[in-house]
Amino acid sequence: MEGLSVADANLVVYLHPSKSRNVSQAILRELGSWLFKFNETFDGVLLAYDVNILDKKAEILSGVHPYFAAKLKANLLLFSPKPDMLIEGKVMKLCQESIHVIVLGFSSAIVTAENIRGELKYKNKDREELFASKSHKRHVIKVGTVIRFLVKSFDDEILHITGSLIPAHTGSIRWLDRNLEEISEFDRSATKSRDRESLGDKTNDDDIASNYQLYKEISCSQLVGNVATESPCR
Amino acid sequence: MEARVNCSFLLKSETYTFIHPAAAKRLQLQFNSLAKTLSLPSVQIKQGKRMGLELPKYPEIEEDNVLNFTDSELVSHVKNALTSVLSGDQNSYNQLVGVMHHSKHLAPDEVALLETTLKALAGAVSSIDVTHHDSLLSAIFSMSMWNYGPHVADALAELIVSLAISNGKYLDLCLRMLVSNFTPPPYFLDKLKLPRGLERKGQVLCRVHAAFKKIADYVPLAPLRLLTIVLQGMPTIYHKDRAIVIYVENMLKLESGEIGELVGSTMLMAVVDRLIELDVEIGWDAILQDDFSKGIFEMELEDMDDIEEESAEPDVGEFRLSRKSLVGNSIAELLDNLLVLTFEHLESCEREGRLAKVFETLLQSFQITVLSAYKSKFAQFVIFYACALDPENCGMRFATVLVELFVQYSQPQPTRMSAVAYLASYLSRAKFLSASFICSMLKRLVDWCLEYCETHDGDVNPNAHRVFYSGCQAIMYVLCFRMKAFVNVPRLKLQLIMPLEQVLKHKLNPLKVCLPSVVEEFLRQAKAASLFTVSETFIFDGLLESELSRAFGGLERLDTFFPFDPCLLKRCDSFIRPMFVFWSMVKPTYDDDDDDGSSDDELVQDLPNENEDMMNGIDMDEFDCQLQKMSITPKSTSSHKFGGRFQEQARMPSRIRPSTSPESL
């Protein structure tokens, strides 16, 4: 799956003096408040972090409230889906008009009927709704199937993805993985060429999050931590 | 919707339809009027299970074809209406919007039309564009489920859910619309108490909360956004209508609902915050009585019926009951209702076995909000009730947390003093705590005070040793209530009484500094129980408080703060009463009559308010007279005790009489 990356970050978090009694807790709280939110500096949604406090000493900012700057080094797991990336998610709801998917357990995605290729037809058999391929009988998408789809857009406030099942190499990943050769003949010009070796590694439908591709180095400068307010998870 | 009859309809032969019979009738009328203009034969409604319009025979059509409007037909019609706006043709779209706006006094076929339209829209959400269809969207979001019956409400909920999950842009708007359905429209508020109103309420709320769950299933982060929206939408306390009561009911329902794990604790804390806000709005003067000079006659509020009756009698009439002053106070009534809602919610939590977890949130909320609020009057009964529902876990945990707060030097002074005041009042008033537990808590306090004495070698100095004096006062206060139970246990004497004696006899002299009414009662009981001998005689002359006690209490008068004094809110009190220790129920050690059944009816009289002494510039002082809880027996000879007629009586009559303890508020 694309869109996941691990980054090394050098962070500076500014803490209110009242937090000086328990600095590590304050830092963890601050970083915790960034989870599952889109962060512009990282250009992605923070999913997980592993932090090391670099120095016991911290610089004090002069001012009305003498905040002090804690320097950190962190490993960040980021999720930043961009258009034309291939993402995988589990189907939660299926109807003639749309397929609703959840990606990585927290991000909702929708593929509307206009973005489903003609090959996949909606069927309602015995109250079970599904999309079945006209040309490949085994290729079926039901509630609970994990599908791979193309990202069309990403709403970074709600973390909502609109996707497309138009390209030939999208659909149920179980079927896709088994039929790699057939797909490779299809036109791939719609997508940018990227590393496809991960396709072959996929064996387990549920094992999405563990597969990440890029490893970026981000050196994040001054990150103003908003520690004056209580963290939202009160 | 006034569907344009499209020739393609005539050729379809799908098998099902969801047209309501009334809608079919309407469509028949429309079709026939159109058919007339086209000089076509009219149609009849086919009776039977499948509602359809039977067409007259046309050459192109098979004989047994029946025209049914299928779901997909209507959906595609709506889609066409929506997309045609983009190309400039607004007619069908405007008709759609018209149907949505038409909401009052609907005839059955109009209801059916609305339901059909909503269902079709739910299928066509992907065609709704936020800019081009803003009038439709605003019409949808301004609809209130309270105005409609169950079918339309279902269809509306379905539409909202579909909208919310289809596009991130609509999520907040949809959640906001659902939250606005927490409260009924103004005209409905009065009907809430009627059976019809209750039925509608149950119907709407269950659909609203089910919609939240559905949205959360497909958009996992929706509860997070819902949190902010619910908190923002809370009616302020200045909305004098009952909207906040039903809103809080919804918040508590969210807490116990299916997304409760995600939003529950924030909801509870917000509710407690709102309770404190209301509490603070009730000024102490609202609870105070008019006639100070005659002495305040405050009831222990043991017999509610008696209170109502007695107020009619002339001899009691001259005294105004403090609770009566609250009657008609709308904020007090509101607070009362909200507290009762919270109590009922706690009861349901306890039944579901979740109370321990909910209690942790309450405890956190208590420390952040209630403890730091200046002399909260009633909001703290929430945690009292929670403790009462589960004495072994919650009850003991509350006391332990308070003790921890008291002994920690790192906590600010007012917090520590406030914590020990809460602890003292709690240990005295909680009927459900075991004597051994109370003893162990007291032991901790005594040990702390002893250690303090040993490390501090000073003279009487109320300001410097505020926390110490408040600790001592707490111990004495609890012993006034519980001494009789402890006296007979020899082990307690060693562990508790001897260290206490050392503390009381120390140079710091807490007996001189602490609240005189408390000290006096304590010494009287201690003497009767022969706990220890006090060398110095303390003559307080029935003073409620002294210069020294005022000094240690500080500006906030934490020396006279007894938070769990009887609750003055009527409905609340009926919940709290069974688990509450009233002073009149306490048998002090100097009362030796064991053999009467009506020992509960002991006459107790309290010090009246010494208002003359206490009036000074600070407003609070006036009310703080009320805060004296200690009741003393009539044998005390203070001349300024009121209530001469009660002096004569040796004991209270079997019918419980009001005690005279100026219960604090």
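**Salt bridges within and between two chains**

Lys505(B) is partly exposed, with a relative accessible area of 46%. In this predicted model, Lys505(B) forms a salt bridge with Glu501(B), and the closest N and O atoms of the pair are 2.8 Å apart. Side chains of opposite charge can pair when their charged atoms come close. By the rule applied here, the count over all chains comes to 24 salt bridges.

A further pair in chain B consists of Glu249(B) and Lys201(B), whose closest N and O atoms lie 3.1 Å apart. Glu249(B) is partly exposed at 25% relative accessible area, while Lys201(B) is buried at 16%.

In chain A, Glu88(A) forms a salt bridge with Arg148(A), with 2.9 Å between the closest N and O atoms. The pair links distant parts of the chain, since Glu88(A) lies in strand β6 and Arg148(A) in strand β12, 60 residues apart. Glu88(A) is buried, with a relative accessible area of 1%, and Arg148(A) is buried as well, at 3%. Salt bridges with shared partners join Glu88(A), Arg148(A) and Asp177(A) into one network.

The two chains also meet: 19 residues of chain A are in contact with 23 residues of chain B. Together they bury about 1,900 Å², 56% of it on carbon and sulfur atoms. Between the chains, 2 salt bridges are counted; Glu97(A) forms a salt bridge with Lys79(B), the closest N and O atoms being 2.4 Å apart. On the side of chain A that touches chain B, β6, β7 and β8 each supply at least two residues, and β8(A) gives the largest share, 4 residues. The residues of this side divide into 7 nonpolar, 6 polar and 6 charged.

Notes: Residues numbered from 1 in each chain as written. Chains lettered and ligands numbered in written order. Predicted model: local features only at pLDDT ≥ 70, side-chain atom pairs only at ≥ 80, totals over all residues. Heavy atoms only, no water. Contact = heavy atoms within 4.5 Å. Buried area = accessible area lost by both parts, 1.4 Å probe. Salt bridge = Lys/Arg side-chain N within 4 Å of Asp/Glu carboxyl O. Nonpolar A, V, L, I, M, F, W, Y, C, P; charged D, E, K, R; others polar. Buried < 20%, exposed > 50% of the residue type's maximum accessible area, 1.4 Å probe, protein only.
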